[in-house]
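The text below walks through a structure in plain terms. Please keep the sequence and the 3D view at hand while reading.

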There are 2 protein chains.
Amino acid sequence: MEPQLEQRPADWLALGADVGGTSTRILVAAADGTPVGRGVAGGGNPVSHPDTAAAALGQALTAALAGIDPARVRAAVVGVAGGSALSRPEVRAAFDRVWSETGVNCAPAYVSDLEIAFAAGTAEPDGTVLIAGTGAVAGAVQSRHLVHTSDGHGWLLGDDGSGFWLGREAARATLRTLDAGDPPGPLATSVLRALQVPDGPGASAQPPDPHWQRVRVIDALNSRPPVRLAELAPSVTTAYSVGDPQSLRIVDEAARLLFESVCRVRRHDEHTPIVLAGSVASEDSPVGVALRALVSEGLSGPTLSARDGVAGAAWLALTAAEANCATEEARNRLSSV
Amino acid sequence: MEPQLEQRPADWLALGADVGGTSTRILVAAADGTPVGRGVAGGGNPVSHPDTAAAALGQALTAALAGIDPARVRAAVVGVAGGSALSRPEVRAAFDRVWSETGVNCAPAYVSDLEIAFAAGTAEPDGTVLIAGTGAVAGAVQSRHLVHTSDGHGWLLGDDGSGFWLGREAARATLRTLDAGDPPGPLATSVLRALQVPDGPGASAQPPDPHWQRVRVIDALNSRPPVRLAELAPSVTTAYSVGDPQSLRIVDEAARLLFESVCRVRRHDEHTPIVLAGSVASEDSPVGVALRALVSEGLSGPTLSARDGVAGAAWLALTAAEANCATEEARNRLSSV
């Protein structure tokens, strides 16, 4: 037993978790950042469905810790989408319950998804971070802690420039086209196809009946959860790629709204990193490209992309376990795969 | 029996109905427009709750026809909010079922709420009509029939400039104020009061905690039906009256959006009447005032206000029963109360 105990200090592990609306991801890593375990499960809105979200966390933890002694985990950081979720006792209680069943001895630190996204993009302690996926939220980070946010108000009240916002604008542009009786352009065509709305009530409606289609679009979108409007965001990207004017306007406006959210949490004279995360803000997305142009024109400081929030969470756990483990090399190892 | 039968022709009645989201109203009138019966019941969204809406119609009909031989009704016009409701077989079936129980012999004509609002505002056959209440929709009317609409897409996708829109903008402005940590102005103060959000978690939180309040506002508005955001519209009016800059911007934008909806269904060279209906478009509302300024500046034709949709429905029923009953005097009698 004695030799094993002496080995322990070098043998400790750090655990990071990214609890999101669509997936829950776990990364367990050695002190140098080498990944030793991963787990993925479904997501869930921790605010509206704390038990579902907690169950997904449990499932992902079980997978990530398979064959690993949970007592080796020295520090754990759990990033949760939606800053407000953490302040709710029922969310915290549901998560704590799952955690106590893992056999991990250390208590997890619950942090915002903005903090893990920032850490996934840079090893610097201070800066600005934006997550634009289905939702959209910007934050100011100081000493790796979130000190200020902008937007992230949810689809009903905000998330301006998000995937939901893009999808809603796609639907709105389609309805305006149908109201006007104009022939559908690339965007409206893509939206009508995505919603499986035919040309008219008959089997071979010729010409298309815009009034009938308009009612079908409204009915289709109101008969499912509103957040699913985000599923129409790809229609904007598709139509943008062929130069559709409606989509060009929507993309520009989304980038402008996201840029405004960033500016609301950042001093103009700052030179710290700006970390962009989420599918809508990625370099592959037209909105991400337009946003980068606005950022490089209007702000100072390097613009970085965060690809994997769970790597940021694991890196923050390394940092918590032993400050001198928080190296750029460790971060690169965590992000590899 | 013979003398009674001979009296019948002069004795006929017309019936109008206004089936709305918040109330259902019936007006029964003599051939000269003199009201002889009224009924009011709750409302209901005919699309999402056809049975509730139909039950309210039945209740209002029973009240309006109390003490009246239903066989005397020669024509009936039922205006239903939301043009799409009428095209749905289940809505139509639920309404027909209720109708068959009234003892009224004639089949009702189901028309759009835009048609009855237009008829409530003018005896002219052609023109433009806007309803801006909880929702917002504009329409072009030809020969008293709706031929073209703009917006009316519902709170999720449109209703730009409506009461819902105003309430959502009030909430959005409040959240931006709280995000920035700025002291709440008249609008944010009114919204926080309406939502019963205190200054902070403690009994006497001093100073106020904007981050905590932000979470409370989001939670409060997401825990009830989205359409109830319209209940915050009065906060805009209140703050507008004391010159609040946020509310000035919101009112101007609402008026601009409603004006755009009107312009989408109206040729620039038209001189027909423009009928404005609904609480948001009324002369008493700041949006209604701003909208009238835009209309009188940008469009030709008289701007008229429709106060009572059910009077328009009853007048259309008079018209249907006997074309020469469709006089301005009859319309005035129907609208009096």
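About 2600 Å² is buried between chain B and chain A, and carbon and sulfur atoms give 53% of that area. Buried area here is the accessible area, taken with a 1.4 Å probe, that two parts lose on being put together, summed over both. This is a predicted model, in which local features need pLDDT of at least 70 and side-chain atom pairs count only at pLDDT 80 or more, while totals for chains, interfaces and linings use all residues. Residues are numbered from 1 along each chain as its sequence is written, chains are lettered from A and ligands numbered from 1 in the order in which they are written, and side-chain values use heavy atoms, with hydrogens and water left out.

On the side of chain B, B:H153, B:L156 and B:L157 lose the most area to chain A, together 28% of what that side buries. In all, 31 residues of chain B are in contact with 31 residues of chain A, where contact means heavy atoms within 4.5 Å.

Which side chains pair by charge across the interface? The rule finds 2 salt bridges between chain B and chain A, a salt bridge being a side-chain nitrogen of Lys or Arg within 4 Å of a carboxyl oxygen of Asp or Glu. A:R172 and B:D160 meet in a salt bridge, at 2.8 Å from N to O.

Helices (H or I, at least four residues) and strands (E, at least two) are DSSP runs, numbered from the N terminus. α5(B) gives the most, with 8 residues. The side of chain B that touches chain A divides into 12 nonpolar, 9 polar and 10 charged residues. Ala, Val, Leu, Ile, Met, Phe, Trp, Tyr, Cys and Pro count as nonpolar, Asp, Glu, Lys and Arg as charged, and the others, Gly among them, as polar.

Over all chains, the whole structure holds 34 salt bridges. Within chain A, A:D51 forms one with A:R97, the closest N and O atoms being 3.5 Å apart. This pair links distant parts of the chain, 46 residues apart: A:D51 lies in helix α2 (residues 50-64) and A:R97 in helix α3 (residues 89-100).

A:A311, A:A314, A:W315 and A:L318 in α11(A) meet A:A330, A:R331, A:L334 and A:S335 in α12(A). The residues of this contact divide into 6 nonpolar, 1 polar and 1 charged.
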